[in-house]
Amino acid sequence: MPKELQSPMDSANPAQDVQGIWGMTIDQDLCTGCQACVAACSMENNVPFVGEVDAGYGRSMQWIRIERFWQGSYPNIKATPYQPVMCQNCHNAPCEPVCPVFASVHSASEDLNLQVYNRCVGTRYCANNCPYQARVFNWRDYMDPRQRPELVTLSNHWNPDVTVRRRGIMEKCTFCIQRIRHAEDTAASENRDIRDGEVVPACAQACPASAITFGRINDPATKVSQAADTSRGSHLLEELGTIPHVTYLAGGA
Amino acid sequence: MIKKFFNMLNQPLGRIGVFIVALVVLSGVVWGIAQAQKPPEQPIQFPHNLHVRLGIQCLYCHPGALRGPSPGIPTETKCWGCHRQIAIQGTELPKLAAYVKNNQPIDWVPVAQVPDFVHFVHRPHIAAGLNCEDCHGDVSNMTVYQNPQVINMGWCLNCHRAKTENNPQNNPTSDPAVAAKLEALRVKLTDCSTCHY
Amino acid sequence: MSALTKPLFAGSKAEEQEDPKEHLMHDRMPRGEMNSMMLDSMHSTTWKYWTVTGVLAAIVATCLFYAWYYLIMNGLGVAGVNRPVYWGIFLVEVVFWIGISHAGTFISAILRVLKVEGRRPFTRAAELMTTFGLVQAGISVFLHMGRVWLSYWLIPIPNERGLWPDFHSPLMWDFMAINTYLLCSTMYLFLPLIPDLAMARDRATGWRKTLYKILAIGFRGTEGEWKNLKTAMNIFAFAIIPVMFSVHTIVSWDFAMATRPGWSSTVFGPYFVIGALHSGMAAVAIVLFLIRSTMKNMKYFLRPEHFELLGMLMLLVSMAWAYFYFNDYLVPWYGGDKWEKILTNFIQTGPEWYLWYLMLFCNVVVPWAILWNRKWRRIPWLLAIVGFLINVGMWLERFIIIPETLTINRMPFTWRLYVPAIEIALTIGNFAFFFLLYMLASRLIPLIPVWEVQEGQESHVLRKIGKARISAVSEID
Amino acid sequence: MDKKISRRDFLKVAGVGAATTAVLTGCGPASRLVTREPYTKMPEYTYNGLSTYYATTCRECSAGCGLIVRTMQGRALKTEGNQNNPVNLGKTCARGQTTLEGLYNPDRVTDPIRRDSRGSTIVKKMDWDSAIQVVADALSKNRPDEIAFLMGLAPDHLFDLVTDLTKAAGAAAPVRFGALGMFEARATLVQAANDMFGQAGLPFFDIGNADLVFSFGANFLETWLSPVAQTREYSQLRRSNPNRRGYFVQFESRMSQTGAKADEWIPAKPGSEALVVLAIGRLVAEANNITLPTAFSNADVNAAAAAADVSVDTLKHLASLFASAGHPLAIPGGAALGGSNGLQVADAVLALNALVGNVGKAGGVFLSPVAPLTDAYHRPANLKEMSDFVDLLKSGKIKVLFVHGVNPVFELPKSLGLEDAMSKVLQIISFSSFPDETALQSDYVFPDHHGLESWGYQKVATGSSSSVLSGAQPVIVPFFNTKATADVLLAAVQKAGGALASALKFKDELEYIQSKLSSLISEPDGFFSAPEINTFTAFFQQYGGWWKTTDNRVALSGSDALNKTFNASAAQFNGDGDFFLLPFVAPVIAEAGANKPHLQETADPTTTVMWNTWVEINPDTARQLGVQNDDVVSITSSAGTVEASVYLYPAIRPDTIAMPFGQGHTAYGQFAQGRGANPADLLSNSTNEAGDLAFASMKVSVKKIGKKRQLSRLEGVLGIYGKFGQQ
């Protein structure tokens with residue numbers, strides 16, 4: 001990884017008030033594409049299912065998608081290492097300046113990229129401008145039990161810590177901010193700092209291959225910083241200068 | 001032309017018309033606001049004033065405020081803990097007794113509510129030294145609880161800003177370290193994701 | 001009053017032999033007669049008119065308003081947008097209608113400032129197009145929004161949340177620019193309308209009289225009033241030109257500011273303006289043809305010479321557009337960005353390749369092939385057809401710039417095509433609404449600025465210099 | 001767990017409530033319009049707004065992963081892995097994550113029901129007393145040999161109870177069956193272990209400590225045996241040692257999700273696996289200069305390469321890798337065992353392990369630890385036994401059939417004729433929680449609790465190096481009017497009276513479980529111990545089970561294996577179609593996930609298809625057949641015909657087509673019903689030598705039928721395939 005892009009703190013204009021930057025590494029060598037993270041994320045974050053037709057039309061709403069391409073042709077064909085793509089929580093996020101109502105905003109204190117659901121008016125500009133295509137839109141009222149009677153019972157497992165989104169709202173991976181807040185609150189009540197590994201997003205918690213590591217990337221002692229600081233680490237579309245907080249560790253030999 | 005229109009309005013009938021229109025609009029607005037502020041119908045007309053005057057602490061019935069997001073509305077077990085020893089009289093206590101007898105939950109209607117896209121946690125507010133009455137008003141003068149003010153984002157933010165301002169009240173000694181801390185806290189407390197996620 | 005002499009028609013000898021009566025400016029008609037001709041055309045409502053208006057109104061009610069209601073209630077899932085094509089035909093419509101609206105200002109302000117005499121009879125129709133086009137554009141913006149009921153959050157008003165809109169966002173600039181333009185162009189439409197409304201007021205009866213009384217704001221035609229009006233019109237004519245250029249430039253920034261292959265281009269500003277003029281001129285040709293062929297007495301006001309003028313403008317703009325379009329390809333090609341290359345390749349050879357060829361055919365081949373010919377330029381129906389084709393082409397151009405370009409992004413895993421759904425109904429509704437507004441306007445306000453024609457006729461004289469007859473214009477101001 | 005917790009009506013709060021507030025955001029707090037149902041008696045350990053966590057066991061498959069379920073005010077909100085449980089160590093798979101959608105599934109059987117006629121959806125609700133009476137009558141009014149129990153794959157407390165019950169009643173032991181076991185060919189694995197090492201048991205492949213893995217068709221990262229544990233091991237294989245990255249080669253005719261992770265993917269021709277294994281063995285022996293053992297003496301490298309459609313050089317290269325690796329490991333599984341010579345493949349692979357001397361060593365082959373409360377590994381029924389069972393039903397000797405935890409009507413190949421056989425049974429009682437195909441063919445459905453509402457334990461077959469008993473407890477009060485099947489049976493037994501009643505004198509399920517657990521109190525090496533049963537049970541619930549802290553894998557000697565003689569040949573195929581049919585268990589939805597909407601919408605890892613069945617065809621083959629993506633083709637085997645949409649899959653042999661198993665339900669709720677096709681309809685009942693279904697032994701013909709049905713894919717076809725495809 002180029003030195004100048006190691007962490008947002010190294011960028012030209014570091015956020016003055018950052019109190020700890022959350023970041024993630026994804027080891028593509030370990031990722032088996034099993035989709036446990038996708039399911040875990042959906043269950044944790046009240047992500048709706050959209051049904052077969054909409055899903056096939058590019059409207060599935062999972063916050064993580066696992067990409068795979070093909071290299072070569074039969075019989076010397078290889079699937080590229082599975083690549084889970086979620087919101088990269090860029091330091092210079094292209095989605096933020098384009099929102100006319102500050103629904104896509106930057107968290108000054110944690111250098112996170114936020115989506116304020118209740119502020120969103122649905123112009124979808126942020127999604128267009130996201131080079132990672134990591135944002136998903138509520139094309140319909142997928143979460144309304146009045147329109148989908150099957151949700152009458154299914155809604156029982158919805159997470160009360162996460163807002164239930166309605167139609168016309170953009171959403172994206174939040175790094176499970178409700179868990180970050182919970183951990184912060186616990187740490188504050190015990191009058192201490194958050195420990196490394198105390199915040200685990202749903203995807204990292206589920207991942208059977210332990211391919212996802214999460215933690216504070218501005219602290220070199222954390223597991224995630226150490227994992228990111230290898231020769232295998234790279235960022236998606238690094239050339240755009242978005243300075244993502246997700247580091248991919250190259251797969252393959 | 002426009003002058004003529006104003007002339008028309010200047011005639012008595014025109015004035016009355018304007019007055020009626022204004023009255024209708026105004027009363028509609030007032031009615032709407034009143035509807036929004038009206039305390040909801042509670043299953044039991046719980047007299048907060050009586051209980052507060054008896055010296056019962058807020059946290060006795062709403063203990064969750066100390067530990068987590070929700071202070072909780074007491075279950076009938078809690079009510080019955082005391083009231084089983086007190087004569088069942090008046091209009092409201094028999095209702096409680098009936099709930100207990102039928103093992104039915106009391107359908108309290110929460111009043112101090114924020115919309116579900118706001119994640120309000122009581123604990124840090126108490127830990128920051130706020131008293132219940134700072135937000136909930138003087139409950140000792142209320143029977144059924146009513147919000148003392150409109151709870152909206154501006155109200156929350158004003159307090160968050162006021163409490164983190166570098167002023168003599170928050171920083172009596174003008175200590176730069178405290179000022180820096182206040183500034184950091186201010187950034188944190190005015191961050192959208194502090195409440196919205 | 002300064003007088004200057006310039007040829008209205010000069011050139012080949014054949015032209016010199018023309019009957020000067022062919023020109024509106026020399027085909028004088030008494031004022032009263034002309035006024036009643038205009039009013040007559042406004043008053044005559046045949047069953048045909050009512051049928052067409054009724055049908056249009058029905059289309060607007062169902063295809064636009066009911067479909068919009070359905071869209072709001074069910075969310076954008078009923079439209080064809082998806083990931084990665086988050087912006088579909090709604091945005092195409094926004095850009096298209098704003099483009100259409102440019103012609104009005106161009107014709108009425110720039111040509112007025114440049115004192116092009118041929119503009120006189122059709123400035124009004126073109127100005128109306130500005131306003132009506134912007135109405136459609138505005139509707140399309142709202143159609144596009146996921147939660148349109150919260151669109152008031154775009155307006156910077158103090159509120160209990162303590163929140164403002166984000167002025168960094170190109171959409172906010174856009175919002176501001178369109179509002180400014182709508183406001184300016186509506187006022188600029190209204191100012192030259194005042195004398196005609198006063199004229200109508202003086203001759204109308206019944207409810208029309210009341211209506212015109214209110215609208216004419218007491219204009220009586222005194223010297224002072226005329227002076228003030230002319231000053232105001234001049235100020236607006238000059239002021240609205242930069243507004244006009246800025247609006248479409250700002251619209252183009254919605255795209256140019258984004259980090260997307262195919263969008264992030266520095267040439268987008270002028271390119272969009274020229275594109276707007278291209279479609280706008282063409283739309284004027286269609287509208288003039290429709291007015292001429294359907295309304296009474298209009299053959300007097302709108303003559304082949306006007307179509308010829310339009311034809312020349314269309315040809316000119318078409319060439320400018322072709323230049324910018326070529327530029328828009330040149331720059332990415334020179335940049336050599338991988339994604340830009342894929343995108344160009346995709347647009348030209350992808351599953352929707354025919355749109356690109358059709359666009360070039362309509363926008364370049366058709367005008368170049370037809371409008372060079374002076375005789376053809378003077379045929380109104382031919383010009384209307386050319387105008388229609390150019391509009392098809394320009395609509396396709398926007399379609400290629402928005403949904404088709406959005407298909408290609410930097411994450412090939414997500415590439416998907418866009419299939420419009422309810423957008424089709426809403427587009428039909430939009431067009432119907434546009435024409436419905438014209439239908440209503442044609443019977444309510446004079447579509448021809450009678451006073452301007454009269455003024456022109458008064459200032460034109462034929463002078464004989466040797467054997468040649470030269471048309472001379474004396475400047476009134 | 002306090003049974004008095006009232007379920008708060010969350011729907012009103014989160015569902016409609018959320019909807020209302022979202023509409024009225026501009027107009028102040030609207031949530032006040034929402035009424036909430038508070039507790040009548042709040043449990044002491046609960047606080048409003050704070051979560052309570054319970055440890056239990058995932059019942060989605062039989063692996064027995066431990067779960068921690070987050071609950072709040074009587075609702076289960078999220079499942080997470082139990083970090084203590086040695087099987088999954090805190091991890092879960094997608095199915096485990098969506099188990100809550102089974103719990104709160106809108107299509108669950110809410111009450112005990114009686115069906116007017118089998119197959120009819122018109123049902124009458126019953127009360128539990130009469131339901132128990134029905135069971136009691138069925139147990140007491142029929143002769144013991146007229147009663148049959150068919151149960152699911154998981155060796156849980158209920159299976160023990162039914163085993164005890166049948167033993168006491170003198171009836172036939174319950175038959176355990178599941179589609180996963182069928183596709184895993186467990187009987188073959190057990191038989192092979194017995195053949196090669198002289199001891200029956202489920203082999204344990206120590207992937208984590210190996211440095212070279214040759215997997216012959218084993219889809220160990222998907223659904224095979226204990227996927228979460230194996231994925232964890234895989235992760236260890238790759239990255240446990242910073243200096244060494246384990247190498248992984250997969251032999252299979254269609255690139256599976258597991259194969260996609262392999263460093264080398266060898267598309268060996270279906271049926272040739274045994275030959276390839278033996279050839280590699282021979283080459284390894286030659287490379288290592290070992291005298292050629294008997295086992296590999298018959299191997300012919302050239303013939304194997306020809307049969308497998310793999311070059312001799314490739315085989316030599318692979319053999320040299322295997323020979324030089326420090327800890328090479330070969331794993332048999334998947335379609336390789338599903339051929340007619342599946343047992344030979346398994347035997348040969350175990351022999352290959354023995355050849356490099358890694359049997360009973362770290363990074364090698366062991367036998368899985370024997371679970372607590374049992375003497376040995378008891379494998380589920382293989383297809384041979386199921387076929388006998390079906391024949392028994394067909395004979396009409398069985399008057400009452402109890403079905404629990406399995407959906408054989410869907411899972412078994414149609415050619416077995418189970419539905420026909422079931423019609424010969426007078427009374428069928430299903431305990432299914434869901435309206436699945438088998439429940440639809442039953443006279444009564446007495447719904448069991450969902451796994452998260454139940455007590456229980458589950459013996460873990462494999463996945464952990466120690467012996468594990470995963471424990472289950474209810475995390476919420478039963479959501480519907482369901483009843484634990486164990487309680488129903490115990491109550492029915494008491495009602496029926498007689499010797500049976502005195503043999504099974506348990507008040508309820510919990511008492512039965514405690515009686516079983518009591519033997520563990522004195523067991524050494526436990527993760528915890530307790531002086532008496534109540535404390536032990538409390539710990540058992542708290543930690544989510546009981547397991548040993550020692551390595552309980554059985555280390556065997558492989559020396560005998562090398563002296564076996566193989567008469568290996570290529571597998572035999574049924575039918576005369578042009579293509580080999582490769583049915584595989586859909587990695588995400590597996591055999592029973594189709595009723596969970598989020599699982600349906602989770603993309604298949606290799607094809608990214610959602611919500612439906614596809615058939616994978618090599619693009620070259622498709623060109624010859626004249627079919628394109630999304631064309632519906634009919635696939636015909638000697639056993640039947642199904643229709644599915646084509647997916648042009650670049651990583652499949654041109655002579656093979658593959659179909660996922662898991663969809664094609666004709667019942668099973670709104671999310672599953674009428675969706676896709678079931679490849680089991682194409683399978684004959686032919687078996688391999690170990691009696692397991694030879695599911696990969698069909699040859700089928702493919703015909704375009706001129707319809708098109710678009711598959712829902714997560715991937716955009718445009719950017720991946722064809723002219724604009726990127727890599």
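This section describes chain contacts, domain arrangement and sheet pairing in a predicted model.

Between chains D and A, the contact involves 66 residues of chain D and 57 residues of chain A. On the chain D side, at least two residues each are supplied by α1 (10-23), β3 (75-81), α2 (94-97), α3 (99-103), α8 (227-239), α9 (257-260), α23 (597-601) and β27 (712-713). The largest share of this side comes from α1(D), with 8 residues. Sorted by class, the side of chain D that touches chain A holds 33 nonpolar, 20 polar and 13 charged residues. A contact is also found between chains C and B, where 7 residues of chain C meet 5 residues of chain B. The chain C side of this contact consists of 2 nonpolar, 2 polar and 3 charged residues.

Within chain D, the domain assignment gives domain 1 (113-176 + 378-453 + 484-521), domain 2 (188-367) and domain 3 (579-720). The centres of domain 1 and domain 3 of chain D, taken over C-alpha atoms, are separated by 32 Å. Contact between these two domains involves 18 residues of domain 1 and 21 residues of domain 3. On the domain 1 side, α15 (383-394), α16 (408-411) and α18 (437-440) of chain D each provide at least two residues. Of the elements on this side, α15(D) gives the most, with 4 residues. The side of domain 1 that touches domain 3 comprises 8 nonpolar, 4 polar and 6 charged residues.

In chain A, 4 strands form an open sheet with mixed pairing, in the order β10-β1-β12-β11. Its edge strands are β10 (212-216) and β11 (233-234) of chain A, each of which pairs on one side only. Strand β1 (residues 22-27) of chain A runs antiparallel to β10(A), and 5 bridges join the two. Within this pair, A:Gly23 lies opposite A:Gly215 of β10(A).

In chain D, an open sheet of 3 strands has the order β1-β2-β3, with antiparallel pairing. Because β1 (52-57) and β3 of chain D stand at the edges with a single partner strand each, one side of each has no neighbour in the sheet. From one strand to the next, the twist averages 30°. β1(D) is joined by 6 bridges to strand β2 (residues 66-72) of chain D, and the two run antiparallel. In this pairing, D:Thr71 in β2(D) is the bridge partner of D:Thr52. The edge strand β3 (75-81) of chain D also supplies at least two residues to the side of chain D that touches chain A.

Elsewhere in chain D, strand β18 (residues 468-472) has 5 of its 5 residues buried and is therefore largely enclosed by the rest of the structure. Both of its faces are covered, with buried D:Val468, D:Ser470 and D:Ala472 on one side and buried D:Leu469 and D:Gly471 on the other. Strand β17 (residues 456-459) of chain D runs antiparallel to β18(D) and is joined to it by 4 bridges. Here D:Gln458 stands opposite D:Ser470. Strand β19 (residues 545-547) of chain D is likewise antiparallel to β18(D), with 3 bridges between them. In that pairing, D:Val468 faces D:Trp547 of β19(D) as its opposite residue.

Notes
Residues numbered from 1 in each chain as written. Chains lettered and ligands numbered in written order. Predicted model: local features only at pLDDT ≥ 70, side-chain atom pairs only at ≥ 80, totals over all residues. Nonpolar A, V, L, I, M, F, W, Y, C, P; charged D, E, K, R; others polar. Domains from an automatic or database assignment. Pairing = 2+ DSSP bridges. Axes fitted to C-alpha atoms, helices over the stretch in contact; angles between N-to-C directions. Buried ≥ 20, exposed ≤ 12 C-beta atoms within 10 Å, placed from the backbone.
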